[in-house]
Amino acid sequence: MNNTLFYKSKAKVWEEALPVGNGRIGGMVFGNLKTERIILNEDSLWSGYPKDLNKKDAFKYLEPMRNAIFSGDRKTAKKIGNTDFRGHWSEAYLPFGDLIIEYSKSTRSGYKRTLDISKGVSVTESNLVTQSVFVSHPAQLMVVNIKFHASVSVNIKLTSKLHHRCRTEQDTLIIEGEAPEICMPPYHIAPNAFDYGKGGMKFAGAVKVLGNAVFEQDYIRASHNDELTLLVSLATNFVDFKTMPQGNPLDKAMKYFENIKPYKTLLEEHIADHRALFDRVELDFGSERADVPTNKRLKQFKKGADDNNLIALLFQYGRYLTIACSRPGTNAMTLQGIFNPHLRAPWSSSYTVNINTEMNYWCTDICNLSECFEPFYEQVKKMCINGQVTAKDYYNCSGSCAHHNSDIWGASYPAGDPLAKADTESYACWQSALPWMLNQVFEHYRYTKDEALFEDMKQYFKMVLDFYNDFLIEHDGKLVTCPNISPENTYIDNGTRANLTYMPTMDIGILQEFFMNCKEFGFDVPEIPDIPIGSDGRINEWAQEYGEAEVTHRHVSHLYCVYPSAIEQSEEIRKACEKSLYKRGFDGTGWALGWKVCLWARLDNAENALTLIKNQLRPINPRGIKRPGGGSYPNLFDAHPPFQIDGNFGVTAGIAEMLVRGAIPKNWTGYARGIKRKDGTELNIRFENGEITE
């Protein structure tokens with residue numbers, strides 16, 4: 001199949017631009033050969049610095065909150081949750097800036113822009129120039145090569161939305177700037193929601209030129225070239241999650257220019273490095289329309305065009321984005337991967353760990369990209385270490401716990417409105433992040449059989465187990481968690497809408513798997529209730545059969561026990577999960593569609609999984625009216641909406657799960673090779689009309 005995204009016009013908005021990255025540096029290429037704009041990101045550029053934002057007296061309110069929950073006093077529980085159990089917003093992932101290339105001449109003749117995801121190279125061409133962009137992992141540089149087919153000169157500039165200064169120094173264009181020490185999410189309206197202060201990070205970027213160029217005061221002018229190559233280096237003064245930012249980021253940026261290699265060598269080394277990962281998996285679903293621009297393919301697919309390889313392209317795109325966003329030594333992927341253009345991004349472009357960060361890494365192992373998992377584990381370690389303070393301050397417990405939102409500094413407190421004016425009960429009062437994340441680390445071990453990892457993660461499992469040994473409380477003769485929620489969902493009890501409860505079913509699913517994994521280390525574990533099945537045959541979401549405020553809610557947290565849990569559930573649980581999924585429906589936000597694909601795949605229902613994949617491929621116009629459900633933007637980014645990258649990874653994981661389980665839709669004919677099984681073998685199958693033939 002053809003692994004290329006293809007367009008006949010430039011990107012007019014960010015969701016039409018094409019992503020390139022090496023895990024640390026990201027770029028969004030607009031393909032404007034009049035005034036090109038490449039939006040730059042560097043994965044360590046965040047607001048803030050190490051801070052202890054835990055509410056030090058929160059534990060005093062634990063018993064009153066529990067009493068209110070157990071007695072059904074929803075109003076009191078809510079008040080305590082919002083006022084006395086609050087934390088602070090986590091920090092924000094920030095945009096680095098823009099690389100601007102101004103062309104002296106432009107033409108629409110011969111225009112075309114592509115992204116070859118098998119090579120990791122974006123190419124924009126016209127009859128005047130051909131511009132190629134990639135971000136090299138071996139060189140740790142963004143590389144922009146321009147071949148001139150006519151007499152065209154260019155001006156090269158750097159800019160940023162953050163405080164910055166630009167200058168040239170000898171043969172280098174330089175940008176230096178500061179990040180804010182406070183950057184709260186856009187929905188927090190307060191005078192100090194964005195403040196530079198004095199403690200934030202510093203960042204620096206530098207551009208060098210291979211070719212004829214003149215360095216003006218704050219830009220580069222290049223003319224009389226047959227070919228020109230720009231080398232772009234980015235850095236911050238981030239040290240680690242517990243150390244104040246320090247040092248000179250420009251010195252770090254300039255070091256990447258040591259031993260500069262010719263463009264041809266940079267390209268060859270980049271492609272070899274990228275393909276060493278990408279080429280491990282091949283697949284073809286039997287029909288494609290690669291000669292049609294990708295934005296039009298989306299629209300025509302919705303109308304019924306025979307284009308199964310658009311699904312295959314979406315799958316490989318998820319693998320491509322994994323390679324572009326997560327490499328050993330980088331930071332974990334945020335809600336937007338490493339691609340964020342906003343000063344105050346949706347949900348701060350941080351780590352939402354009640355589903356989204358975990359989903360970012362669902363496809364790494366099964367899609368034969370295990371090396372790309374390391375940053376996730378490093379984030380878990382940060383949160384486990386910081387979570388020891390949170391466990392004590394909020395629950396007076398030993399061990400470690402973390403809540404629904406985190407950042408580069410490893411935040412573990414219940415993120416929410418620091419002024420206690422917003423209703424944060426539905427998402428902040430959820431302390432189940434660490435057992436879920438550690439379950440995912442253990443699943444990574446099942447794929448890799450890395451004994452050093454097994455020994456290393458033992459200490460973190462013990463920390464979190466210690467927390468639950470203290471935190472679990474007896475109620476009606478059973479050990480339960482309290483307080484907690486079913487993430488972001490609302491129930492109705494005696495006419496009252498509420499979120500806080502005890503032992504939601506998601507907790508049972510997470511802890512079932514966590515305690516199973518703890519036994520592998522030889523730890524003794526407590527006994528907890530079984531997955532509850534309601535009177536209507538569905539998996540019950542809460543400890544009691546409350547009314548549902550939103551039957552088709554985007555989260556399917558209560559179905560964790562089926563996916564992503566590694567536990568093989570009984571046929572009774574699987575049937576109850578199926579009933580629950582039918583009730584939840586076949587719509588939802590982008591990432592919700594991806595989770596449902598995974599669930600239907602685990603239930604071996606290929607046709608229902610395919611229905612959701614098709615919904616994931618619904619074209620979403622970023623310049624039009626926002627629809628309530630998810631789909632795909634013209635550049636195949638997942639539309640929550642707005643953009644969240646987790647949906648890309650969720651649907652990729654789901655397709656891989658379908659193929660591994662042999663749950664193949666009837667209209668797929670083709671092959672799949674290289675998808676990884678937990679026993680260490682790799683899938684190598686051919687199928688015809690949904691039936692495996694070889």
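Predicted model: local features only at pLDDT ≥ 70, side-chain atom pairs only at ≥ 80, totals over all residues.
A residue counts as exposed when its relative accessible area is over 50% and as buried when that value is under 20%, with partly exposed in between. By that rule G247, with a relative accessible area of 56%, is exposed.

**Aromatic rings**

- A search of the whole structure finds 49 aromatic pairs, and one of them is formed by Y395 and F471, whose ring centres are 5.2 Å apart and whose planes stand at 75°. Because planes over 60 degrees apart count as edge-to-face, the pair of Y395 and F471 is given that description.
- This pair links distant parts of the chain, since Y395 belongs to helix α9 (residues 374-395) and F471 to helix α12 (residues 451-471), 76 residues apart.
- Both partners are on the buried side of the cut-off: Y395 counts as buried at 4% relative accessibility, and F471 counts as buried at 0%.
- Elsewhere, ring pairs join F442, Y445, F454, F461, F514, F515, F521 and F523 into a cluster.

**Charged groups over rings**

- K157 lies over the face of Y219, at 5.8 Å from the ring centre.
- R319 lies over the face of F278, where the separation from the ring centre is 5.3 Å.

**Packing of helices α14 and α15**

- Helix α14 (residues 571-584) packs with helix α15 (residues 590-602) at an angle of about 145°, and their axes are 11 Å apart; the crossing of α14 past α15 is left-handed.
- On the α14 side the contact is made by R574, C577, E578, L581, Y582 and R584, while α15 contributes K596, L599, W600 and R602.
- Sorted by class, the contact of α14 with α15 has 5 nonpolar and 5 charged residues, and no polar ones.

- S326 is placed in the loop between α6 (308-325) and β20 (351-352), and it counts as buried because its relative accessibility is 0%.
- Apart from its neighbours within four places in sequence, S326 is in contact with G23, M333, Y361, C372 and P375. The C-alpha atoms of S326 and E374 are separated by 8.2 Å, although these residues are 48 residues apart along the chain.
- G247, described above as exposed, lies in the loop between β18 (227-236) and α3 (249-255), and its C-alpha atom is separated by 5.6 Å from that of N237, 10 residues apart along the chain.

**Cis peptide bonds**

- The peptide bond from H640 to P641 is cis, with omega near -15°, and P641 lies in the loop between β28 (638-639) and α17 (646-661).
- A cis peptide bond also joins P641 and P642, here with omega of about 5°, and P642 likewise has its place in the loop between β28 and α17.

- N368, a residue other than glycine, has a positive phi near 65°; N368 lies in the loop between α8 (363-366) and α9 and counts as buried at 7% relative accessibility.
- N689 also has a positive phi, of about 50°, although it is not a glycine. N689 is placed in the loop between β30 (682-688) and β31 (691-692), and at 47% relative accessibility it counts as partly exposed.

How values were computed
Residues numbered from 1 in each chain as written. Heavy atoms only, no water. Phe/Tyr/Trp six-rings, centres within 6.5 Å; stacked < 30°, edge-to-face > 60°. Helix = DSSP H or I, 4+ residues; strand = E, 2+ residues; numbered from the N terminus. Buried < 20%, exposed > 50% of the residue type's maximum accessible area, 1.4 Å probe, protein only. Lys NZ or Arg CZ within 6 Å of the ring centre and 35° of its normal. Axes fitted to C-alpha atoms, helices over the stretch in contact; angles between N-to-C directions. Left-handed = near helix turned anticlockwise from the far one by under 90°. Contact = heavy atoms within 4.5 Å. Nonpolar A, V, L, I, M, F, W, Y, C, P; charged D, E, K, R; others polar.
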